[in-house]
Protein chains: 2
Amino acid sequence: MITGHRPRATIRDVALAAGVSVSTASNALNGQGRTNSETRDRVKRIAEEIGFRPNALARGLLSRRSHSIGVITNDTYGRLTLPMTAGVSEALVDHGVSVFLCATNNDTRLAQLHLEALLDKQVDGIILTATRLDHTPQVDLSSLPMPVVYAFAEGPANSVSFVPDDCQGARLAVEHLISLGHRRILHITGPEDFVAVRRRATAYRGCLDAIGEKSEVMFGAWGEEWGHEAVRRILSRPEPRPGAIFCGSDETARGVIDALRDHGLSVPSDIAIVGFDNWHVVAAQTRPALTTIDMGLKELGRKAGLAMLDLTQGKPVEFGINAIGCSLVIRKSCGAV
Amino acid sequence: MITGHRPRATIRDVALAAGVSVSTASNALNGQGRTNSETRDRVKRIAEEIGFRPNALARGLLSRRSHSIGVITNDTYGRLTLPMTAGVSEALVDHGVSVFLCATNNDTRLAQLHLEALLDKQVDGIILTATRLDHTPQVDLSSLPMPVVYAFAEGPANSVSFVPDDCQGARLAVEHLISLGHRRILHITGPEDFVAVRRRATAYRGCLDAIGEKSEVMFGAWGEEWGHEAVRRILSRPEPRPGAIFCGSDETARGVIDALRDHGLSVPSDIAIVGFDNWHVVAAQTRPALTTIDMGLKELGRKAGLAMLDLTQGKPVEFGINAIGCSLVIRKSCGAV
DNA sequence: TTGAGATGCTAAAACCTTTTATCACTTGAG
DNA sequence: CTCAAGTGATAAAAGGTTTTAGCATCTCAA
């Protein structure tokens, strides 16, 4: 492969072409020091002409800010990580900060390797993500020389975390059903040992308590099969049937809808369904298309990115867990407009 | 936030503690120059003790190798990008190379911004990915001062590209059906203007030609709805029905399977189905679980990463398009063991 | 005893940028 | 005319590492 590229223009080239010293060129370009406006303009013009862009390595060496951060994730599908990381990097690219993505694949050795590479590269900060809010992190981040932010994960007490507001999201779902006139609302959800599952269930119960209705939570698994199984159980017991079901995930919701159709019940006219996740490939393909809760992963990433920016600039950032609001995505499975 | 961290140990600290000069310390650590073995061991031990790791910024400045590369993608779901990037970075992390992930979100301005940030950071190379093999890239990469590799995308003639072997993958699917005794095999697939779709269709036709059977391709859309529609068409026309269907995507396959069930036909006993993609959330949840083709995205990423490594080290790499083999994932939808 | 050759270590330069301290020169006031 | 203050530019240092060239010191042969 022929790579006949002459080396990039440095500030020395600019200085030479402008007939000034390197320091003057630097001052002119950065608006520092005392510079004659005529000189400044000339330097800037010439820099533009020869396409000078400062070497971030050299700059970082001096300023001790590499303008890069690391995102460590154990996600393998990309379902959570990519939208989130896109949010992070969208918030940061305007400030010249780029994002190293490190997929640990749940492998401790790999995670450690990634972390060391990040440290060597003098990243300004590290964002940790996980596929579960309550899973222990893959590496020890407790005594790093740079700030750490947790996104879609809950860090220790003296840290900054961003998580979806599961309670608010669940309330959004249930209140939507209530606003459509439903009273008998069932909650079919995932395994109880997920903190997110417990939170959504609690919020669901709160909503039904508030209107004086009985609540019922069926904990189970993720995946569609559990939706089928849950429907079997409901239909095999005495009436009355629920008028609506709030599902803990879109996959479960899909299983529920398919199972109801198999049993001759129609959605939404017989039973209304709300999901949780807005995982497009599932929610949009379900028949009828699924009304569901969007966790705003990109926005969550954006917020985490901005917090990181503040931290790296030494601005004060409040410790604690920031719950990011979810939103209701209305499709067809509830019968609402 | 309290960040009471003393600065990282530098090689000067090592030299000081070992009672040698900085150059000796460097030589000892890197095995360069002439160094007494006793001195070398002492320096290494002390470096270990005080946790010295060389500053990659300083090192990169001198060596003109930042040990980082950029991956530019327009994928928003993460379905393709995350496994691929994980493959890339898994291949590179052992060599101390980290990966900047840049999601352009199909926004030209954003793409340009990302590219400039990468150039400033002196990345050693750039890998471009796209959600379609045949889509024009988001940025102009034609005259960059560093190597470019295309992954899941086809670059210009004088470039290095890695793409899934759509033909081989399609053959794998069709031959699996043939090996199970099927002769009347239909192909329901996506829009004809995708090059991947055309290739799979061509390979499919080739297989049927080879056994002297008629082939039939139904081009349509992605998504499940097209699967339903296609089944309606097939069942509304005179017999005989196909004994097997090779679908151009897992989503389509799912639509087909669901539609067949709705019409009282059972999979695989009445009709066998093979999909394409091995998109886990779809393939594993389909009832019966989908036999499908895996494009080996992670392996593709790994290969692209290794090619990039060679390029950055000045080793010769052959131009051209490398087709990465797909594999057959057998589940339940064909009736095979 | 001298010189060559080997051995072990080090000073200095280089990579590129920014900042600090300093220098040369001009201007205006006293 | 002198001094102070202001203006515009620059040399040098700093950031952390690697490499090159060179400096001592020692050994051994002549």
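Domain bounds, as used here, come from an automatic or database domain assignment. In this predicted model, the assignment divides chain A into domain 1 (11-54), domain 2 (65-164 + 298-324) and domain 3 (166-295), and the C-alpha centres of domain 1 of chain A and domain 3 of chain A are 64 Å apart.

The two protein chains touch one another, with 54 residues of chain A in contact with 54 residues of chain B. On the side of chain A that touches chain B, two or more residues are given by each of helix 4, helix 5 (81-93), strand 2 (98-103), helix 6 (108-120) and helix 11 (280-283) of chain A. By class, this side of chain A consists of 27 nonpolar, 19 polar and eight charged residues.

Around DNA strand C there are 29 residues, of which Thr10(A), Ser23(A), Ala58(A), Ser21(B) and Ser23(B) come nearest. Helix 1 (11-18), helix 2 and helix 4 of chain A, together with helix 2 and helix 4 of chain B, each give two or more residues to this surface, and helix 2 of chain A supplies the largest share, six residues. The surface near DNA strand C comprises 10 nonpolar, 16 polar and three charged residues.

DNA strand D has 31 residues around it, and those that come nearest are Ser23(A), Thr10(B), Ile11(B), Ser23(B) and Ala58(B). At least two residues of the surface near DNA strand D come from each of helix 2 (22-30) and helix 4 (56-63) of chain A and helix 1 (11-18), helix 2 (22-30) and helix 4 (56-63) of chain B; here the largest share, six residues, belongs to helix 2 of chain B. The surface near DNA strand D contains 12 nonpolar, 16 polar and three charged residues.

Note on methods
Residues are numbered from 1 along each chain as its sequence is written. Chains are lettered from A and ligands numbered from 1 in the order in which they are written. This is a predicted model: local features need pLDDT of at least 70, side-chain atom pairs count only at pLDDT 80 or more; totals for chains, interfaces and linings use all residues. A residue is near a molecule or strand if its C-beta atom, placed from the backbone, lies within 6 Å of it. Helices (H or I, at least four residues) and strands (E, at least two) are DSSP runs, numbered from the N terminus. Ala, Val, Leu, Ile, Met, Phe, Trp, Tyr, Cys and Pro count as nonpolar, Asp, Glu, Lys and Arg as charged, and the others, Gly among them, as polar. Two residues are in contact if their C-beta atoms, placed from the backbone, lie within 7 Å.
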